[in-house]
Amino acid sequence: MTIIKRSVAVVVRGPEAGTFLVVKRPDDPADPLAGVWGLPAVTLADGEDERAAVIRAGRDKLGVELAPGRRLGQASADRGPYLLVLADYEATIVGGVPSVPQPDASVTQYVEWRYAADPAELAEAAGRGSLCAQIFLDDNGEQGGGRFAEAARVAEAARVAEFRRRVGLDSLIDVHTHFMPERLLAAVWAYFDAAGPLVGRAWPIAYREDEQARVAALRAFGLSAFTALLYPHKAGMARSLNDWGADFAARTPGCLHSATFFAEPSAVADVRRALGQGARVFKCHLQVGDFDPNDPVLDPAWGLLAEAGIPVVTHCGSGPVAGRFTGPGPIARLLARHPRLRIVVAHLGMPEYGEFLDLAERHPCLLLDTTMAFTPFIEGAGAAFPRAELGRLRDLGDRVLLGTDFPNIPYAYADALEALEGTGLGPAWLRAVCRDNAARIFAL
């Protein structure tokens with residue numbers, strides 16, 4: 001049963017027109033909102049209603065008496081162990097002067113407070129996943145033509161730029177991003193929307209935007225190259241998807257021309273045709289396609305790809321849900337026949353990390369991508385990369401590539417980068433993973 005945690009945040013109106021009170025959270029390494037400015041908030045106690053919680057927030061967090069005003073809105077987000085449901089309320093101070101921190105150490109206390117006049121000051125918090133900041137910006141955005149939503153996007157791009165600065169990169173290359181025909185993408189998003197019972201937790205799409213906005217987001221993050229990975233779930237789809245992929249690459253500078261195939265008699269012809277169109281990377285999804293990569297019908301196609309040296313990003317690990325042909329066994333058998341294949345093991349082979357590292361150590365052409373690895377979303381789902389294996393991952397650093405699963409991720413793009421940084425493998429490893437390896441492999 002999903003645990004639901006209900007909270008309220010308070011927009012305390014200031015003495016000057018248009019101002020509101022903001023607070024800074026302490027520098028806790030475990031807190032994704034550490035050190036950012038946000039709104040005071042509390043979790044509802046058993047049997048407590050929201051307006052009573054607003055009053056308690058004033059007393060417990062600011063040392064003042066508040067009079068609750070209108071309810072601005074509500075949002076929810078999966079936080080791993082629980083589902084957070086949070087509402088924003090307006091309030092005014094009717095007694096006392098704000099002071100932080102308050103003496104109650106049983107709840108998060110703030111280290112600074114002040115009045116702000118520009119709602120965009122909450123953009124960084126919103127970009128880091130703060131529901132109360134997102135609700136407030138949405139409420140103001142309805143009156144401001146979307147200016148504050150744009151501010152949140154700018155703030156996230158600034159986080160990515162700061163990551164690049166720390167690591168020493170002027171650009172990034174992401175080998176695991178998805179673009180596909182709109183009807184197919186809508187079906188993929190519907191799958192993720194309904195994936196809660198399947199994977200055991202909600203999976204909200206962070207970048208549910210139109211194609212132009214998604215491309216613009218990647219450019220704002222400083223990507224010099226990215227993929228448009230697409231994949232069929234049944235026979236008869238691959239050729240039309242490849243035609244769409246060729247057109248998308250032609251009209252989208254920086255896109256690595258991406259193609260796909262399915263276990264069907266036309267596979268070798270589809271692969272040959274896509275290579276003739278200029279495809280530079282393929283996607284093979286063994287979980288969604290539900291086919292054995294060792295199906296004899298695929299052998300000529302694999303041979304073509306091995307001869308061409310074209311990377312094939314392959315979802316072959318058993319996460320988030322095992323398939324009939326996922327796991328290291330089928331890939332090991334495939335590489336025994338085609339040792340020159342450039343398989344890119346998506347998600348570092350999650351959750352069979354160690355077994356796929358074994359394969360990479362035995363097969364010098366095998367590559368791995370970092371998609372979703374080390375993020376709190378995955379770590380909290382019981383599929384954490386074993387820390388004891390970090391040394392092996394470091395030693396394979398010239399064959400590890402940045403992947404994110406953009407746009408189908410339930411967190412900010414910057415979170416994925418900062419999670420990689422959190423491995424402690426160092427700037428040189430990060431530079432290789434986040435740009436240099438892909439630049440070498442794709443001759444960029």
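Mentor: Let's start with Asp31, which counts as buried at 15% relative accessibility (buried is under 20% relative accessible area, exposed over 50%, partly exposed in between, with a 1.4 Å probe and protein chains only). Its salt-bridge partner is Arg25, with the closest N and O atoms 2.8 Å apart; a salt bridge here is a side-chain nitrogen of Lys or Arg within 4 Å of a carboxyl oxygen of Asp or Glu. Arg25 is partly exposed, at 24%.

Keep in mind that this is a predicted model, where local features need pLDDT of at least 70, side-chain atom pairs count only at pLDDT 80 or more, and totals for chains, interfaces and linings use all residues. Residues are numbered from 1 along each chain as its sequence is written, and side-chain values use heavy atoms, leaving out hydrogens and water.

Next, Asp290 and Arg324 meet at 3.1 Å, N to O. Asp290 lies in the loop between helix 10 (286–289) and helix 11 (299–308), and Arg324 in the loop between strand 13 (312–315) and helix 12 (328–337), so this pair ties together parts 34 residues apart in sequence. Helices (H or I, at least four residues) and strands (E, at least two) are DSSP runs, numbered from the N terminus. Asp290 is partly exposed at 34%, while Arg324 is exposed at 61%.

Then there's Asp358 with Arg392, at 2.4 Å between the closest N and O atoms. Asp358 is in helix 13 and Arg392 in helix 15, 34 residues apart. Arg392 is buried at 19%, and Asp358 partly exposed at 32%.

Finally, Glu162, Arg165, Arg166 and Glu421 are linked in a salt-bridge network. The count comes to 29 salt bridges.
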